[in-house]
Each structure stands twice: as C-alpha cells, then as structure tokens.
Amino acid sequence: MIGRQERWQEDLFVACPLRELIPDDHILKRVDKVLDLSWLRDEVRDSYCLDNGRPGIDPEGAVRLMLAGLFQGIVHDRRLMREAQVNLAIRWFAGYRLQERLPDHSSLTRIRQRWGADRFKRIFLKTVKACVEAGLVNAETVHVDATLIRADVSWESLTERHADEVIKQNPCTDDPDDGNRPGKPGRPKTKPKNAKKHSTTDPDATLTTSCKQVRMEPCYKQHTAVDDKRGVVLDVEVTTGEASEGERLIRQIDRVEDSTGRKVRTVTADSAYAHSKNYMALENRKIEAVIPPQTQRKKPKRIPARRFKYDGKHKLVRCPAGKTLRRSHREPWRWIYRARGLDCRNCALRARCVPPSAKVRTIAIADGHEALLRARRRHEKGWDRPTRRVYHRHRWRSEGAHGEAKNWHALRRAFRRRLWNVEIQAYLTAAVMNLKRLARLEELPGAERAALRQSAALLLAILRLLGQLEVRQAAEKHFSSPAWDVAPSKQHIFHLAA
Ligand code: SF4
C-alpha cells in the first residue's frame, strides 16, 4: 500500500532536546563524550582585549565547528557554515541552538590568524594526553613516516626563482635609462644550476615529488609519528615539501617522549630515514632502529665507497689496493678522507677508481658510519621474525594513518596558504583521528571488550592445536588489524570461527 506523508504540516515547536534528535551512534555524539575543551578559554584569553570591543565567538564553539567539519571531510569555512546551518548534529556539537545565528565564516579565519598554529598544536597534544590516559598508547613502538600535502596553488602561480631574482635586481623605474647607470645591480650572468620553480601565491610551498615517476608539484610535507598499539597519532610536524624527513627523526622521537612521558623502545621508518646519524643517535639512546638501509647501486660506474674499509680506531680508510686514505677536512656532518697523489698515480685500479676530473680518490665518512654498517649487516643477514613483523605493521599503521587523513579528512590538499595554515590543518586532522580512536573505545563496556579478546585468544589457541597454518595466519592477521584493535566485535569471531 502506498503511504502518504503530509508535507505541508510543520511543527511550531520541537518538543525534545536537540540531543535526542541525533542518533546515539553518530560520530559527533560519541566524540562529545570524550572531548574536553574547558581549558581552551583560559588558554586563548591573552589573544583578546578584556575590556573593549565586540564579544567574539566562543573559542570552544569555534574549535568544535572546525572539528565537526573535519569529521565530515569539510575543510572550507564557507561550506562548513552552510552545512552547519542545516545540520542538527553540527549545531548541537558546537553548542548552537536551533534558532541561534551561526558565526560568519570569516570569524573562523580570523580566529586562526589570532591564535596561531601553537594553540592548535596544544589542542592536538591534549588529545594525545587523553589517549595516553585512556590506555590507548604505550609508545614502546613508534612508526614514523612522511607524506606530501599538495599546496593550494595553481600551476600558473609558479615562477622560477631566477626570474624573480632578476626582477628584484632590476627594479622597474619610470626612467628607461635608469637600469644602465653605473653602480646599479646588473643581470646575473649565469642561470643557477638548481633553478627551481616556486609559487608566488604561497612561497612556503616547494616543488617536490614522492617518486621519480611522478612529476614535481608544489607541496608541503607532514612528518607523522604513530603509536603501534592503537594507531594514535603521537606527533605531527609540517615543513616545506623539499625538507628531508631523515633530518627530523630524532627531534620527533624527543617530542613523542615528552608528550607521552614514556620511553620509546623501537622506531620503524622507511629507507628515507636511513641516515648514519639516525642509526648512531638511536643506538646511543638504546632504541631499536627497524629502518632498512638504502639499496646500493648494483653496477656502479666507479669502485663504490663500500669497498673501502673504514678503521674507526685509527681514523683512516683502506682502499681496495691496500693504500691508506687520511683525513683531509671536515664538512658539516662528515669527514673527507683523501688518498695520496703518489699512490693513485701509480695504481692499476686508477681508471675504475678516480673520476677523470680528480687527481686522487676521496671518500666521505659520515658521523655514525659504523652504526650504519652494523644496520646494513643486520639487514643483509635477514631480519628476525619479530623485526619483520614490526616493520610489516609499520606499513599499515603509518601509511594507513596518512591514508585515513587524506581520504576521510581531506588532508590530500592544503585548504589554505602559508605554512602556519597548513600546520593548523594538520594538527586539527590529527586531533580528529585521535578523538575517533578515543570515541571507539567508549563503544564497548570494558568487561565485554575483555571477554571478546579472551574468545579471540581461545580461538587462536584452538587453531594452533589443529595445526591449520593458513587459517591461523588469517586469524592472526585479522586480530592484529586496526578494526579489531580499536573495536573488537562478535562478528569478527563468528566469521573466523565459521
Ligand atoms: S686509485 Fe688510489 S684510492 Fe683507488 S685503489 Fe688505487 S691507490 Fe687506492
């Protein structure tokens, strides 16, 4: 039978609180239970005049609006305010009544400018602290990775630095002969070799690419540290796209230890972090480095540096012909060792060893070279099973976190220009991800969660006894998945038992 809905009848009053109109399993309702921003008002008090001016919008309300937008992948303020106008859940979450006028979208921009990135960083760090207190973080194993965020600029805004320098050095004046006067700065004679384009609309973004097959794009780079236990984002740093991730590893670990108050025992990262300095620093701190060394070229043009033996005790290097290379000079993070001219001149290996433009062979020994050799040997021998397993987790933990941020919270592209704006976007996105993990923890009562975990352990034990390797491996993989980690469910167990 066809039903009929009377569309012209409207209610004059809503006879229940706004909260009751929102389903209990709605993400904003669940997050509201774990989000505490009561401290924010005091935190930002110094950004406002206490006795003059029009009252601004409530700081907590503004942050809740921004977070609500990110939960739904809405990053543009205009779109967010249009959505908030009709979305009951966002209104309720931000603390606005049904008839209340919402702030103008420009107020959110003004708040970001007024507070600066540091305030948003504190909001993110508070979520990390909440996760630590809720037992979602143990910080023993930390996965570190970096990802590119496309800057919000057009291709037309890109120009070569060289062209900019020329324009700067030859200012346009009304007098056409002005540029020819003696003493005026002249046009540079040669174009710099590494002339790279940059954006005139967002000078902080730099051209970079994630791999050789993909063209360079104006980007920012987010450096992320993720906890192994539940995938909580522990640290976020945003830099220009061309910044090296390997240079930032140790500072990031320091920040993780500061924010969690725990000692990191294992760090996993990809080969972009395989710097000898990092291996050395991690060894000194007694942190296990699960970082594969960079692969070496199989058919090098010249005798590779690895064929030269470094003697750390006597601070010298021996070449394949058995000659000694001694320290020549120091560069910022390495020593340059140099062979004697006499040795190389009479050497049978000279053609394969010394480049045509040089007289003798030089070798650079970076700080921490011995730690790098140890890491290389360990990797060549083959990592043991627990190490391989933890590196396997690195893939889905850190890359999964980046995928989640980009696919669900619109971090694929920066929505504002300049570094501090992208930092704010990254901090809020990481805060949203942590709040989701906290909210999921609330879903199941503790006793029920523990019972489900026991059932899973029992099921695994039975599979082990039965000796069904393939099924057991599938079950183990399933029980170490992020979905199970955060919210174990009966369906998972029934499915596997079947
Ligand atoms: S060319 Fe010089 S550095 Fe190279 S193997 Fe011969 S002596 Fe050693």
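Residues are numbered from 1 along each chain as its sequence is written. Because the model is predicted, local features need pLDDT of at least 70 and side-chain atom pairs count only at pLDDT 80 or more, while totals for chains, interfaces and linings use all residues.

**Confidence.** The pLDDT is the predictor's confidence in each residue, from 0 to 100. Its mean over the chain is 83, with 83% of the residues at 70 or more. Strand β7 (residues 266-268) has the highest confidence, at 95, and helix α19 (residues 482-486) the lowest, at a mean of 50. Across residues 175-185 the pLDDT is below 50, and this stretch has four contacts in the model beyond near neighbours in sequence. Two residues are in contact if their C-beta atoms, placed from the backbone, lie within 7 Å. Helices (H or I, at least four residues) and strands (E, at least two) are DSSP runs, numbered from the N terminus.

**Around the ligand.** The ligand is surrounded by 13 residues, the closest being Cys-319, Cys-344, Cys-347, Cys-353 and Arg-361. A residue is near the molecule if its C-beta atom, placed from the backbone, lies within 6 Å of it. Helices α12 (341-345) and α13 (350-353) each supply at least two residues of this shell.

**Helix α7.** Which residues of α7 (residues 105-115) are buried? They are Leu-108, Ile-111, Arg-112 and Trp-115. These residues sit on the same side of α7 because they cover an arc of only 100° around the axis, taken from the directions from the helix axis to the C-beta atoms. Ser-106 and Gln-113 are exposed on the face turned away from the buried side. Among the elements covering the buried residues are α4 (59-71), α8 (117-133) and α16 (419-441). After α7 comes Gly-116, with a positive phi near 80°.

**Two residues to look up.** A residue is buried if 20 or more other C-beta atoms lie within 10 Å of its own, exposed if 12 or fewer, and partly exposed in between, with C-beta atoms placed from the backbone.

| Residue | Other C-beta atoms within 10 Å | Class |
|---|---|---|
| Val-128 | 24 | buried |
| Pro-300 | 12 | exposed |

Val-128 lies in helix α8 and touches Val-232, Leu-234, Ser-259, Thr-260 and Asn-434, leaving aside residues up to four places away in sequence. Its C-alpha is 9.3 Å from that of Ala-430, 302 residues apart in sequence. Pro-300 is found in the loop between β8 (288-290) and β9 (309-311).
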